[in-house]
Protein chains: 2
Amino acid sequence: MAALEIYDTTLRDGAQAEDVTFSADDKVRVAQKLDELGVHFIEGGWPGANPKDIEFFRMIKTIPLKHATVIAFGSTRKASNSVHKDPNLQALLAAETKTITLFGKTWSLHVTDALGISLAKNLELIGDSVAYLRGKGRRVFYDAEHFFDGYKTNPEYALDTIRKAVEAGAERVILCDTNGGTMPWEIRKICEVVQRECRVPLGIHAHNDCEMAVANSLVAIETGIVQVQGTINGIGERCGNANLCSIIPNLELKMKRPALSDRLSHLKEVSGFVTEIANLMPNKHQPYVGDSAFAHKGGVHIHAVLKNAATYEHIDPAKVGNRQRMLVSDYAGRSGLLEKIEAYGIKLSKNHAKVQELVDTLKERESQGYQFEGAEGSFELLMRKAMGSHKPSFQLLGFRVIVEKKQDNGAPLSEATVMVKVGEVVEHTAAVGAGPVNALDHALRKSLEKFYPQLREVKLLDYKVRVLAANKGTESKVRVLIESGDHKDKWGTVGVSENIMEATWQALADSIEYKLLSKD
Amino acid sequence: MAALEIYDTTLRDGAQAEDVTFSADDKVRVAQKLDELGVHFIEGGWPGANPKDIEFFRMIKTIPLKHATVIAFGSTRKASNSVHKDPNLQALLAAETKTITLFGKTWSLHVTDALGISLAKNLELIGDSVAYLRGKGRRVFYDAEHFFDGYKTNPEYALDTIRKAVEAGAERVILCDTNGGTMPWEIRKICEVVQRECRVPLGIHAHNDCEMAVANSLVAIETGIVQVQGTINGIGERCGNANLCSIIPNLELKMKRPALSDRLSHLKEVSGFVTEIANLMPNKHQPYVGDSAFAHKGGVHIHAVLKNAATYEHIDPAKVGNRQRMLVSDYAGRSGLLEKIEAYGIKLSKNHAKVQELVDTLKERESQGYQFEGAEGSFELLMRKAMGSHKPSFQLLGFRVIVEKKQDNGAPLSEATVMVKVGEVVEHTAAVGAGPVNALDHALRKSLEKFYPQLREVKLLDYKVRVLAANKGTESKVRVLIESGDHKDKWGTVGVSENIMEATWQALADSIEYKLLSKD
């Protein structure tokens with residue numbers, strides 16, 4: 001079987017997603033990460049449409065890549081321009097990539113309604129544009145936009161457009177399901193026809209508007225297509241592009257088709273990196289790479305997985321850099337809870353009087369909006385408190401936080417005071433911060449560091465706020481999740497209140513208590 | 001072709017999702033909504049495993065449903081119990097549903113490793129349990145857990161388990177891809193075999209661990225399977241269940257197979273309702289029902305869609321209760337921005353000097369973390385300010401917010417003071433609130449309502465906080481989005497700052513300015 005080509009368009013089609021904006025710098029960082037992962041092609045942007053992309057192509061030229069070829073993307077010439085005067089083609093050349101992906105129209109609706117030209121004229125644009133770039137020494141991949149919609153409307157014309165591109169020198173023809181409306185059985189049938197009609201290797205570019213992008217991509221590969229285009233985490237316009245984070249492991253682990261050079265175990269890391277750079281909420285439930293992908297909550301499942309992971313895990317999570325997790329919830333039942341408690345080194349029999357108390361406490365907290373998935377630090381403290389084995393390291397006598405803004409355009413000043421008691425000593429401190437939360441954090445640490453110098457090594461890694469009841473305006477309850485870390489550990493803590501400062505306080509106090517606990 | 005059966009398990013398998021907890025009340029509300037949508041079966045819970053589910057079945061009995069049959073779910077008897085003494089079977093009977101879905105083991109690995117019994121004994125459990133429930137007058141659907149994994153390991157035994165269930169009186173056999181690891185071509189082949197071997201109608205229950213749950217469900221239906229099980233928004237353990245919000249429109253609009261009784265246009269509403277009740281973040285990019293599913297950002301796309309929506313929309317969004325949206329972004333280009341500006345009733349030529357200024361302002365704001373998708377109110381104000389056509393309704397002289405906590409367990413007091421100038425009058429007010437954000441909201445309104453009584457009718461409908469840079473702890477920038485409404489309109493506003501009170505202030509002030517603007 002022909003070797004597969006993984007073609008990433010996170011930086012071009014992915015950047016079309018609502019809420020996603022990459023700077024040129026961001027793009028360079030993502031490109032380096034994709035190269036390390038071992039993808040074959042990185043579509044970096046559309047230099048003819050975005051000044052930022054011109055900057056990216058300028059920057060990426062100076063950076064050596066190990067595996068990947070960087071590609072500039074653009075459209076066939078405008079009907080009113082000659083190739084020499086077409087700004088889009090000129091921008092593609094100026095990007096100085098060895099390979100260019102050029103898209104053109106397949107679907108008669110687009111030719112007549114969107115471009116407003118004749119079908120014959122469109123063939124001319126395709127041929128001219130491909131030939132011009134070939135003449136300038138570039139390799140050309142031809143993206144047949146709306147190929148499947150076009151083929152369903154007018155199969156002969158759709159085939160003519162790609163024949164034209166191939167005659168003019170295109171080395172790949174990529175069949176695009178641009179609107180994402182095609183079903184897998186249609187993809188299969190059409191891909192089979194096109195392979196008989198087209199003498200260059202084919203690619204598939206699928207969108208997820210019917211939740212079919214991954215299936216459509218794999219079905220196309222099953223018929224013999226060699227190049228698959230997609231994005232990390234499936235980000236992209238509307239419902240997104242085909243998700244490479246699902247396609248790649250499906251290819252390697254399910255279809256036994258090598259796709260990357262032995263870098264599959266870095267997949268979760270790359271997925272998280274792109275989420276971070278794109279500043280998106282991670283999708284916990286994402287196949288293979290989501291935090292919940294191998295998380296077990298049902299009592300029956302937890303029980304079985306502890307005996308043999310294959311009972312409820314379709315692959316070994318380590319293969320994609322993921323891991324197994326056991327969740328705390330009322331669904332997990334008593335035995336699940338006991339297993340969880342034991343993981344913290346506390347031994348309890350199933351009928352111990354404290355177990356019911358602990359189950360009740362957990363349920364009550366959960367009904368208030370607490371969530372201990374991701375806040376294992378608070379969970380452990382709660383257990384220790386319920387077991388009566390926790391000695392608090394400090395007592396809060398009070399805090400006050402003040403935010404003061406003096407005029408319309410000035411930045412407000414945030415100040416916090418904290419009064420705590422450690423043993424018999426009362427400590428009263430004040431601090432400022434970037435905001436009220438930060439000021440409270442500073443004041444609390446300042447008050448405790450003289451008693452517990454090890455707190456100096458604690459860093460707050462992440463601070464998350466979630467408004468719980470979405471319909472109560474500024475009176476809504478909020479949940480604060482804090483992730484803290486030192487040189488060897490990371491721990492999460494949680495707070496819930498209608499008052500964001502109180503919720504923050506709870507999570508901060510737990511973070512510090514947890515750190516001091518682990519040093520006992 | 002046989003009529004399809006839509007079987008919803010949002011309340012049972014969906015409730016296994018990480019972060020999802022439904023109360024019995026929640027479950028009743030969701031069941032009513034599902035009934036209105038027109039699904040045929042609602043799997044309400046597992047009464048043998050969850051006390052909350054017993055409560056749900058007690059409550060739902062008193063509520064008349066129009067279309068749906070409510071189903072209780074449970075497992076075959078334990079090997080050590082007789083059917084009469086098996087608590088799970090007894091709880092199923094006590095739920096008093098006419099139909100019960102019973103699951104049993106198909107895969108030898110589960111029989112020997114998880115249950116620790118012989119293959120023959122497992123057949124006995126299946127036969128006994130189905131026959132017992134049938135004897136009590138219940139209709140029984142049989143869920144063959146891990147059917148595909150079981151069939152691939154030992155096809156004869158897998159078929160034996162379902163033959164046993166059918167002999168004992170099961171009316172449906174549902175083939176479950178419990179671990180979600182099966183590819184569509186395997187599903188097709190195995191479903192074809194089973195249809196030849198089994199004389200009752202079949203169902204499919206797919207999980208999304210390979211991002212294949214929707215494709216696998218539809219491929220199964222293509223082979224002649226009549227019942228499809230899934231959840232609203234695809235929520236469920238690990239990577240979720242097959243997503244009914246994609247399956248149903250794919251069936252009706254792509255495969256022309258009637259699934260609901262003419263209620264497809266309520267799909268987005270039901271999707272949003274479940275998201276809200278489950279207290280999850282909506283997935284904007286969800287196919288068909290997500291807010292971005294028909295949102296256009298690329299300049300080329302916006303341009304074409306305005307001419308003919310079919311160019312980049314695979315269906316008419318109204319069919320599923322969704323709508324088209326045009327997004328503001330640097331990608332949309334000048335012409336997209338001009339169209340957006342015109343939508344606000346401002347006429348500008350493409351080369352007007354202010355246009356570049358506006359584009360620059362927008363870009364700068366976006367790079368700071370502002371986002372105007374969902375904050376159209378702030379966007380309009382920004383445009384009016386850039387055009388020089390905005391007269392502010394008030395001037396802030398200053399505010400102060402104080403949060404004070406007196407002891408470890410007490411609720412903190414939140415107080416805000418605000419000083420504003422309206423015309424030549426200075427107003428200085430103070431107010432308390434549930435938290436600092438709420439107190440600031442109260443004080444600001446109090447100070448302005450005497451000048452602008454129409455502010456009394458403004459309600460804050462939603463308040464969202466998003467931490468932007470995920471790695472700066474309590475110093476991170478936050479973005480606040482506020483949704484406000486009066487008796488006829490709704491508008492969104494945004495604020496960004498490292499200080500949550502400042503970000504809130506910006507969004508609150510914009511909300512009020514916007515209201516006063518629309519009254520001009």
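**Exercise 1. Follow the strands around S12(A): which strands pair with S12(A), and over how many bridges?**

Step 1. S12(A) and strand S13 (residues 425-433) of chain A pair in the antiparallel sense over 9 bridges. Here strands (E, at least two residues) are DSSP runs, numbered from the N terminus, and two strands pair if DSSP finds at least two bridges between them. This is a predicted model, in which local features need pLDDT of at least 70, side-chain atom pairs count only at pLDDT 80 or more, and totals for chains, interfaces and linings use all residues. Residues are numbered from 1 along each chain as its sequence is written, chains are lettered from A and ligands numbered from 1 in the order in which they are written, and side-chain values use heavy atoms, with hydrogens and water left out.

Step 2. Find A:Val420, which stands opposite A:Glu427 in S13(A). Then look at the hairpin of S12(A) and S13(A): 2 residues lie between the strands, and A:Gly423 takes a positive phi near 60 degrees.

Step 3. On to S11(A): 9 bridges join this strand to S12 (residues 413-422) of chain A, and the two run antiparallel. In this pair, A:Gly398 faces A:Met419 of S12(A).

**Exercise 2. Cross to the other chain: which strand of chain B is joined to S11(A)?**

Step 1. The partner is strand S11 (residues 395-405) of chain B, antiparallel to S11(A) and joined to it by 7 bridges.

Step 2. To locate the pairing, pick A:Val403, which stands opposite B:Val401 in S11(B).

**Exercise 3. Describe the interface of chain A and chain B.**

Step 1. Start with contact (heavy atoms within 4.5 Å): 123 residues of chain A touch 122 residues of chain B.

Step 2. Next comes buried area, the accessible area (1.4 Å probe) that two parts lose on being put together, summed over both. Between the chains it is about 10,300 Å², with 51% from carbon and sulfur atoms.

Step 3. Count the salt bridges (a side-chain nitrogen of Lys or Arg within 4 Å of a carboxyl oxygen of Asp or Glu). There are 8 between chain A and chain B. One to look up joins B:Glu18 and A:Lys284, with the closest N and O atoms 3.5 Å apart.

Step 4. Which strand gives the largest share of the side of chain A that touches chain B? Strand S11 (residues 395-405) of chain A does, with 11 residues.

Methods
Helix = DSSP H or I, 4+ residues; strand = E, 2+ residues; numbered from the N terminus.
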